[in-house]
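Here are my notes on this one, written as a few numbered points. Have the model open while you read, and check each point against it.

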Amino acid sequence: MAHQDPNYVAENPFEGRGRASQRNDAIDAGIGMGVSFAFFAAMFIIAMIVEVATR
């Protein structure tokens with residue numbers, strides 16, 4: 001059955017019952033920032049170890 005209303009939105013069966021995450025975005029942003037900081041800090045530490053070892 002076609003709907004005549006152009007603003008009608010059919011339910012997407014792949015979205016499940018809870019369509020959107022209710023978590024706070026600041027938590028996800030903080031985790032992402034912490035992971036990226038840890039990665040670059042590890043790269044810096046490795047570079048310092050290599051530099052000291054090659055003296």
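1. Let's start with the greasy spot. Phe-44, Ile-45, Met-48 and Ile-49 make up a nonpolar patch on the surface, and together they have about 410 Å² of accessible area. A patch takes residues with over 30% relative accessible area and no salt bridge, joining nonpolar side chains (Val, Leu, Ile, Met, Phe, Trp, Tyr) within 5 Å and like charges within 9 Å. Areas are worked out by the Shrake-Rupley method with a 1.4 Å probe, and for residues only the protein chains shown count as cover. Phe-44 sits in helix α1 and counts as exposed because its relative accessibility is 54% (exposed is over 50%, buried under 20%, partly exposed in between).

2. A word on what you're looking at. This is a predicted model, where local features need pLDDT of at least 70 and side-chain atom pairs count only at pLDDT 80 or more, while totals for chains, interfaces and linings use all residues. Residues are numbered from 1 along each chain as its sequence is written, and side-chain values use heavy atoms, with hydrogens and water left out.

3. Now the aromatics. There is one aromatic pair in the structure: Phe-39 and Phe-40, edge-to-face, with centres 5.2 Å apart and 75° between the planes. Rings of Phe, Tyr and Trp (its six-membered ring) pair if their centres lie within 6.5 Å; under 30 degrees is stacked, over 60 edge-to-face, the rest tilted. Phe-39 is partly exposed at 48% relative accessible area, while Phe-40 is exposed at 57%.

4. What about charges? The count is one salt bridge, defined as a side-chain nitrogen of Lys or Arg within 4 Å of a carboxyl oxygen of Asp or Glu. Glu-51 and Arg-55 are the partners, with their closest N and O atoms 3.8 Å apart. Glu-51 is partly exposed at 38%, and Arg-55 is exposed at 78%.

5. Last, the overall picture. Of the protein's 55 residues, 0% count as buried. The protein exposes about 5500 Å², with carbon and sulfur atoms supplying 66% of that.

Definitions and conventions: Helices (H or I, at least four residues) and strands (E, at least two) are DSSP runs, numbered from the N terminus. Buried means under 20% relative accessible area, exposed over 50%, partly exposed in between (1.4 Å probe, protein chains only).
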